[in-house]
Structures are given as C-alpha cells and as structure tokens.
Amino acid sequence: AASERADKPFVAVNCASMPEAEIQNELFGCRPGGIAAATGEGQLGKIVQADGGTLFLDEIGDLPYALQARLLHVLEEREVIAPGAEAPIKVDIRLVSATHCKLEEKIRRGEFREDLFYRLQGLMLALPRLADRTDKRALIRHVFAQEAAAAPKVSLSDDLIDALCTHQWPGNIRQLRNVLRAMIALRTSDLLDLA
C-alpha cells in the first residue's frame with residue numbers, strides 16, 4: 001500500500017495448491033486451444049496480469065523444479081514466453097514470495113534452484129512463530145478487531161487474552177484467526193471469556 005505500485009495490479013498465486021500443469025497455465029498462460037482457451041478464461045498467465053504491479057507467489061518453495069527455471073527467466077529477462085506463443089511478452093513486475101520451508105535445505109537436496117534463491121533474496125523477512133512473538137497481546141487484539149469489525153460491541157476479557165497468549169498456536173496466525181472467528185460466531189454474549 002505504501003509503494004509506487006499501490007494502484008497497480010496485485011496478483012497472488014499459491015504454488016502449493018495445484019498440480020504442475022495447472023500452475024504452469026496459471027503463471028505463464030495456456031496454449032491456444034487448451035481448456036482455459038475453450039472456456040474463454042485466462043489465456044494470459046498471472047505474470048502478465050501482474051504487469052506494472054506486484055506478483056505474490058505464496059509457498060514458492062513448493063514451485064515445481066521445472067517451473068523454477070521458467071520463473072528465473074522471467075525475472076532475469078523481464079519477459080514471459082507463453083506455451084505456443086509466437087513472441088515473448090515484456091513484463092514489469094515486482095515479485096514478493098513467501099514460504100514455510102527452509103529454502104537452503106531444499107537447495108541442498110536438489111529441490112530448489114540455487115540461482116533462483118539468490119535472485120529472490122533481495123530482502124528477506126523471517127516472521128517468528130506466533131508462540132515466539134513478544135507482542136502477542138497486541139497482535140491478538142489487532143486480529144480480533146479485524147474479525148469483529150461486523151460486531152463492534154464484542155470484546156475479549158483479560159483472562160481470555162491471557163489464555164490466548166499462553167497457547168502454543170501450532171497453526172500460527174491462521175489458527176488464531178479461525179479460533180477468534182469461531183468464538184465470535186458461537187458467542188452467547190458480547191464479552192468473550194474463558195467459558
């Protein structure tokens with residue numbers, strides 16, 4: 001929101017949520033006459049759709065090895081070669097990626113390209129697990145405010161916040177968010193407490 005691309009496309013792709021052929025079509029576009037072309041959908045891949053803006057690749061550590069070379073080409077040459085296309089398409093994208101795995105270990109096992117890793121490594125932020133954060137109380141209140149926006153009278157008791165702070169949260173913020181949503185939906189009063 002603070003970048004010069006704030007009013008440009010923000011296109012997100014989850015690299016772990018689909019098979020290799022589908023993610024290839026999703027990122028790079030599909031062949032003329034393919035399934036997406038027959039339905040009139042998405043001949044242009046997400047990379048082209050993000051032109052001028054930002055492409056967010058979630059779970060990039062799960063991107064199939066064969067597609068890593070194609071992504072590296074896009075980042076180096078600033079162009080996409082769609083399957084069956086006659087000429088490359090020039091693109092101007094900012095890439096942001098996220099992963100839950102240690103890419104250095106995947107490189108050692110031959111599962112992630114080292115050259116792509118170094119191309120992605122411009123600025124890395126390691127987010128601590130929710131259980132390890134020192135700002136849990138403020139974070140819980142922040143996430144709760146987002147989830148309770150439609151029910152502004154709902155609040156958390158101090159005892160409940162204390163209990164939420166001591167929980168280990170193996171599912172991190174996604175788990176916290178879902179627990180808070182469930183509490184709001186199942187509440188019997190507007191003050192959520194330990195019960």
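The model is predicted, so local features need pLDDT of at least 70 and side-chain atom pairs count only at pLDDT 80 or more, while totals for chains, interfaces and linings use all residues. Residues are numbered from 1 along each chain as its sequence is written, and side-chain values use heavy atoms, leaving out hydrogens and water.

Select helix α1 (residues 20–28) together with helix α4 (residues 65–77), whose axes come within 11 Å and cross at roughly 10°; the two are therefore roughly parallel (angles under 35 degrees). Axes here are lines fitted to C-alpha atoms, for helices over the stretch in contact, with angles from 0 to 180 degrees between N-to-C directions. Helices are DSSP runs (H or I, at least four residues), and strands are runs of E of at least two, numbered from the N terminus. Show the side chains of Glu20, Ile23, Gln24 and Phe28 in α1, which meet Ala66, Leu67, Arg70, Leu71 and Val74 in α4, where contact means heavy atoms within 4.5 Å.

Next, select α7 (residues 136–147) and α8 (residues 158–166), which pack at an angle of about 115° with their axes 10 Å apart, and are therefore roughly perpendicular (65 to 115 degrees).

Finally, keep α8 and colour its buried residues, Leu160, Ile161, Leu164 and Cys165, where buried means under 20% relative accessible area and exposed over 50%, with a 1.4 Å probe and protein chains only. The face of α8 turned away from this buried side carries the exposed residues Asp159 and Thr166. Among the elements covering the buried residues of α8 are α7, β6 (155–156), α9 (172–186) and β7 (191–192).

Technical notes
Parallel < 35°, antiparallel > 145°, perpendicular 65-115°, else oblique.
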